Amino acid sequence: RWREWAMSTGVWVAAAVALILLAATALTGDLDPGRIIAWYYDLRCPPWQPPDWVVPVVWAFIYATIAYAVRRAWRAAPERRTGLGYALVANLFLNFIWPLLFFTHQRLDIALWVAALLTLSVVPLMTVTERRSPGAGWWLVPYLLWTSFATALNFTLLRLNGPYG
């Protein structure tokens, strides 16, 4: 009975995707935090860049709102989960790729394109969650605002520290 539930809810697929992402993270090059931190602190930054402590606080809140919105939509429309799944996977993939490009590979130019795509990918995620559970899409507004801000910050950092390529 548990196996039947797990297969029908996609637990195995989610676990496989998580393992693949974990392996990809481990294989993506130089993951030396000291080098990454030194590089980041050497960048010229705009005065409106938030303090370091803000970022993990905001992301914790945003991930909670994503989980809440998606859970509401997932439970409200079990017969229409495919579109929601595609929107979520595409969004989380871009969310996964951006820090690798920005921090690990230090490619602010390519990361800017991914940040823009990430921001744009929030809109279909909002739309599909809202259609399946009225009110759920509004929980993703902070995510849209934060990714918009992050894209603007990425652009400014590129402009202040370029060229790249």
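Let me begin with a definition: helices (H or I, at least four residues) and strands (E, at least two) are DSSP runs, numbered from the N terminus. By that definition, the protein chain has 7 helices and 0 strands. Reading from the N terminus, the order of elements is α-α-α-α-α-α-α.

Two housekeeping sentences, please. This is a predicted model, where local features need pLDDT of at least 70 and side-chain atom pairs count only at pLDDT 80 or more, while totals for chains, interfaces and linings use all residues. Residues are numbered from 1 along each chain as its sequence is written, and side-chain values use heavy atoms, with hydrogens and water left out.

Now the chain as a whole. Of its 165 residues, 37% count as buried; buried means under 20% relative accessible area, exposed means over 50%, and partly exposed is in between, with a 1.4 Å probe and protein chains only. Next, contacts, which means heavy atoms within 4.5 Å. Among contacts in the protein chain with a separation of 6 or more, 73% are between residues 24 or more positions apart.

Let's walk along helix 5, residues 82–104. How far apart are its end C-alpha atoms? They are 32 Å apart, which agrees with the 33 Å that its 23 residues should span at 1.5 Å a residue. The expected span here is 1.5 Å times one less than the number of residues.

Q106 has a positive phi of about 55 degrees although it is not a glycine. Is Q106 buried or exposed? With a relative accessible area of 17%, Q106 is buried.

On to packing. Two packed helices are described by the angle between their axes and the distance between the axes. Axes are lines fitted to C-alpha atoms, for helices over the stretch in contact, and angles run from 0 to 180 degrees between N-to-C directions. Angles under 35 degrees count as roughly parallel, over 145 as roughly antiparallel, 65 to 115 as roughly perpendicular, and the rest as oblique.

Take helix 5 with helix 6, residues 108–132. Their axes come within 8 Å and cross at roughly 160 degrees, so helix 5 and helix 6 are roughly antiparallel to each other. Helix 5 passes helix 6 in a left-handed crossing, meaning that the near helix is turned anticlockwise from the far one by less than a right angle; clockwise would be right-handed. The residues in this contact of helix 5 with helix 6 are 19 nonpolar, 5 polar and 1 charged. For those classes, Ala, Val, Leu, Ile, Met, Phe, Trp, Tyr, Cys and Pro count as nonpolar, Asp, Glu, Lys and Arg as charged, and the others, Gly among them, as polar.

Helix 5 also packs with helix 7, residues 141–161, at an angle of about 25 degrees and with the axes 13 Å apart. Helix 5 and helix 7 are therefore roughly parallel, and their crossing is left-handed. Helix 5 brings N91, N95, W98 and F102 to the contact, and helix 7 brings Y143, N154 and L157. That contact divides into 4 nonpolar, 3 polar and no charged residues.

While we are in helix 7, look at L144. L144 counts as partly exposed, at 23% relative accessibility. Leaving out residues up to four places away in sequence, L144 touches T119, V122, V123 and M126. L144 and I62 are 82 residues apart in sequence, yet 9.5 Å apart in space, C-alpha to C-alpha.

The crossing is left-handed. A69, V70, A73 and A76 of helix 4 meet L125, T129 and R132 of helix 6.

At 14% relative accessibility, R132 counts as buried. Apart from residues up to four places away in sequence, R132 touches A73, A76, A77, R80, G83 and L84.

One last stop: P163, in the segment after helix 7. A cis peptide bond joins G162 and P163, with omega about 0 degrees. Thanks, everyone!
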